[in-house]
Structures are given as structure tokens and as C-alpha cells.
Amino acid sequence: MLEARDLTIRYDDRTAVADLTLSLKAGEITAIIGPNGAGKSTLLRALNGQIPRVSGVIMLDGQPLERLNRRSISRQIAVVAQEAELRFPVTVLEFVLGGRFAWATNSGWGWETERDLEVANAVIDETELSDLNARLMNELSGGERQRALMARALATEAPILLLDEPTANLDLSHQATLLTLVRKRCDQHRSAALVVTHDINLAAQFANNITLMKQGRAVHSGTPQEVLTPEILQEIFELRVLVDAHPITGGPRVTPIISA
Amino acid sequence: MNRVTLRKTLISCALLGAVLLLAIVSMSLLGSERLPARASLCALASLGSSACGLTQDQFDILFQIRLPRILLAAAVGGSLATAGAGYQALLRNPLAEPYLLGISNGAAVGTMISLVFFGAIEWTRPLLAFSGAFAATFAVYRLARGRAGATPERLILAGVIVTTFLSSVIVFVTTLMDATRIRSFTFWLLGDLSGSSKALLPVAITITILGALALTLHARSLNLLMLGERDAFDLGVEVGRVRMVVFLVASLLVGSSVAASGSVGYVGLVVPHLARLSLGSDNRISIPAAALGGALFVIVADTVARTIIAPRELPVGAITALIGAPLFIYLLKRV
């Protein structure tokens, strides 16, 4: 669905992403893992066309990204990223309805249709925000805001989801709820998701594929079983880790070994 | 706050429009020269085709002095409030205001250059005022963008820098003028509707209406830009294009109003804030409401300015600043 080939991105003289090739497939969650500054968020922004690249191509459903206009890209790709600070009072419903912008026939002074409201209310239900519908965004807790961001991304009905640390502000149960939601989208709607995360164990449980990045390069890619090995993780994070089998799922479980 | 709908927007704007019309009529009866109410209303209703028993002097005061001045006040107020609402949404900053950001000063420099060098050619005034406003807008925008993006504080500081720099340019240009014009200039700089040129009235009204329409037609994009440029981009807004439209339209609005009446301050702060407070942050309603409310606000402020110490007059900018500055302090504490 979304494919990057030999992608290179530079900030001034620093190379943020180098020769990276990546492909998101329908029904699959791909996790990007790597140390801080590895270029994970830059990659995510570039896949959406926000950061110009030095070389490489990005193809969306077989078409080069730059041939498509902004609104048609937004109907295909939704982003959940660290939110900007809100300085104007906006209700949760209004915020989520923002996700319907790309579908509006009149992008200027148009008004939300019945269908827009249906979609928004459905995703607000899915993200367990129904009780907060009319509350102002800046009155919500960090976790509630994160869920509103997720709801807005789902409201776009875009088949490709790019998520930058979607679980960062969430408690354990909401982390699971949110990733289950992403999983469900991928299973039922044949969506594709890219999740940038620091939570290796969560990635191990939810992702079909994991790409490990270091210094702008995709060093290893594969299923969680293939890439979450002590050797590879030591290479990436320069830290010894214990990898054993999860007692219930059987997937890899990673524990850092911190020697005093 | 309930979700904004087309119905709510139309009703609010119709109500504001009715109040505005009422204000235009009633304020034209007030002034140092008392006009008979019934006859004046009759003459106004006939749109000047019948004198309805007014003397020629009274008729001239009503139609040649007061009404043009009130209509100009409406255009200036509508322009500045619309521009303020546009800047606030685009710059994600409730404190953004043409006067405080130095944009009015940019337009003032343009106007003064036109007056000093092309005094006889009247159409150069709004044109140079627009150019000055656009240059100042661009300067503030570039100065305010730091590594961490534009914080509200940084934007205001950029505004202070641009304002003070342009103030020195204004002082410099003033020294090129002859002494008799300097006093009227000082008044004009503070925002003054008394010496305004009638030739600019149709231009100012047209620009106000078209400008308010243009920004209202980008309201949905501005709603998303208010949440951040990245978010807006992700959701499908062509950020660069909308930004350029808002910069151009807002500069045009500020330019035409400054060319006509000098720098009336704080209108762009007070009115959009009240609009958002009473109707919500959705630009589809707050921009047209700010345009109508701004017109109303400056008409009332100017009526106060010309009647409170009649027959002498205050510059209208002094009245708007008296109301606006305390509100600014209040907003600064909340941002």
C-alpha cells in the first residue's frame, strides 16, 4: 500500500534517514524500533510527504506521492503524532470531526454531513471517549487527549495509519485498548499501520513485522521472532538484554539486563 | 459549547447585522450638532433621496459628514477584527493582533511614504499601505519562528521589534513633513476617523467585505491550522497556500484601514476574542461574527470619541486602546 525505496533525508549536513526501504502491506502492523535520534519520527513524517527527501521514492498505491494532492493523500494516510499544544478551546467532538476535513466536498466553508457525524461518533465510542464528547480538549488528561488524537486519525477512514509513539501517555489498559483498535483495523478493514515505539514488548505482541533502525538506517527487518534476539538488540541499543518466550503468547519477551 | 452549524452561524450573523444596522442609524443621530430624530430617520430611510424637512446644513451634516464617517468606522473595524481573527488562527496565538504585531505600523509607513512622496496620487495610499503591511507580516512571521516553532511570547517579541523599528522609520519620515501637518499626523497615527478621505470609503468598504468573505471561505482550513501546522498538513490542508492567502488578505485589510484612518489599535484583539467567547472557536462562525462585531465596536468607539468632549474630539484609537490594553493583560495571564 505504502512503499519507500532508497529513502534518504538530510537536515543541513546531518543525515537523518539513509537508503531506507520499507513497505507497508494491507492487514499488517509494522513496528519501528530504535534508539532516540535514529530517525524514526523523521521517517514517519517523510512517508506522509511532510519532510522533503534528498533521494528515493515513496509510492502510495502504486503512485508517486508527489503526484497526489494533499487532500487525497490525507484520505489514504492518517497520522497520530505527539500533539501540539492547544491554545484555543475546542471540544472533543469538534477535534475528532477535524479528521473529516479531507472528505469535505467544500473544503472552505463546508459543513459536516450526517455521515461525518456518524463516523466521528463511532470512533469516539471505539476510543471510549463518549462521556467526554462535549468536553474541551485542554481539560482532558494526557491519556484522554492521546485517545482523541487516535479517534481523529480513525475518523479519516484512511487505510494507512502512521503512529508516532501512540501509547506514550497511556496507562497499561489503554495501551492495550489502543493497539487492539489498530489490530482490529488491520484485520477487519485490511488497513496497514506503522507504529514508531519504544515499547519493544508491546511491539512484539502486536506487530507482524519489526524494523530496527539505527543512525538513519534500517539495520534489521523481520518478524518479531526473527529480529528480537539478544545479539541484534545489543547491536542496536548497546545494552545486554534477556530474550525469553512469553509464557502466554509464546512470542519473544525482552528484559534489559542492568548490572550494578 | 454546542457544535457550530450553518443554521447557528446564519442566525448569529443576521442578528449581529441587524444590531449593526441599528447602530449605523442611531449613531448618525448623535453628535455635537443635534439633528431632529424623526426627520433624520425619514431622510435615512429614503437613502438621501428626500430631505424630510431637514435644513440643507442638517442634511449635509447627516449625509456628507456623519454617515460617511460611520461607514468608514464600520469598514475599519470590520477589516481589523477580521484580520485579527485570521492572524490568530494562522499563528495559533490568541494575542496576535495587527497593531501589536507591528503590521499596522508597516501599513502606516507605507501610507506616509505615499503622502510625502506621492501626495497628489491618492490611490498610491492603500497600495503602499498594503505593501507595508505585507512586508511587516512577513518580517514578524520569520522573526517569530524559532527552533522550537513560534511560541506566543516569541511572536509578541517579534512584534515589539518590528513595531519599534517601524516607529523610528515613522519618526524619520515625519521630520520630512512641514510642521503644520505634524499634529494631524500624530492624531492619525493613533487612529483617527475625523480627517479621513471620502475617496477611500468605497475602496475600504469593498476590501472589507471581500476580505471577510475570503477568510470565511478558508475557515475550515483555519480551524485545523489553529491546532498546529503539522496537524493541519496531516489532515489535508494545503498549509502553504492557505498561509499565503491569509497573509495577503489580512495585509490588504490592515492596509486599507490604516490608509483610511491610521492605526486603530486592539480592535483585532478585543473583537475576535469576544466572538470566540460567545460563539466558540470555530472560524466558520467566529470570522464573520468578528467582521460584523468589529464594525459595531469601532462605530460605537468613534461615537464616544467624537461626543464625549464635544465639540472637541479624541482619536478613536485612544478609546479602543483604553478597552483593549486591559483585555490584553488578562489574556496574557491566561495563555
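## Nonpolar core

A nonpolar core is a set of buried Ala, Val, Leu, Ile, Met, Phe, Trp, Tyr and Cys residues joined through C-beta atoms within 7 Å. In this predicted model, the largest such core has 175 residues. Within this core, Val96(A) and Val298(B) have the most contacts.

The neighbours of Val298(B), leaving aside residues up to four places away in sequence, include three further valines of chain B: Val264(B), Val267(B) and Val316(B). Val298(B) also touches Ala73(B), Ala74(B), Val76(B) and Gly77(B). As a general background, nonpolar side chains in soluble globular proteins tend to be buried together.

## Contact between chains A and B

On the chain A side, 26 residues are in contact with 30 residues of chain B. Two helices of chain A, H2 (70-76) and H3 (92-97), each supply at least two residues of the side that touches chain B. H2(A) gives the largest share, three residues.

By residue class, the side of chain A that touches chain B comprises 13 nonpolar, nine polar and four charged residues.

## Sheet in chain A

Chain A has an open sheet of four strands, in the order E2-E1-E4-E5, with antiparallel pairing. Its edge strands are E2 (14-24) and E5 (63-64) of chain A, each of which pairs on one side only.

Strand E4 (residues 55-60) of chain A runs antiparallel to E5(A), and two bridges join them.

Notes:
Residues numbered from 1 in each chain as written. Chains lettered and ligands numbered in written order. Predicted model: local features only at pLDDT ≥ 70, side-chain atom pairs only at ≥ 80, totals over all residues. Contact = placed C-beta atoms within 7 Å. Nonpolar A, V, L, I, M, F, W, Y, C, P; charged D, E, K, R; others polar. Pairing = 2+ DSSP bridges. Buried ≥ 20, exposed ≤ 12 C-beta atoms within 10 Å, placed from the backbone.
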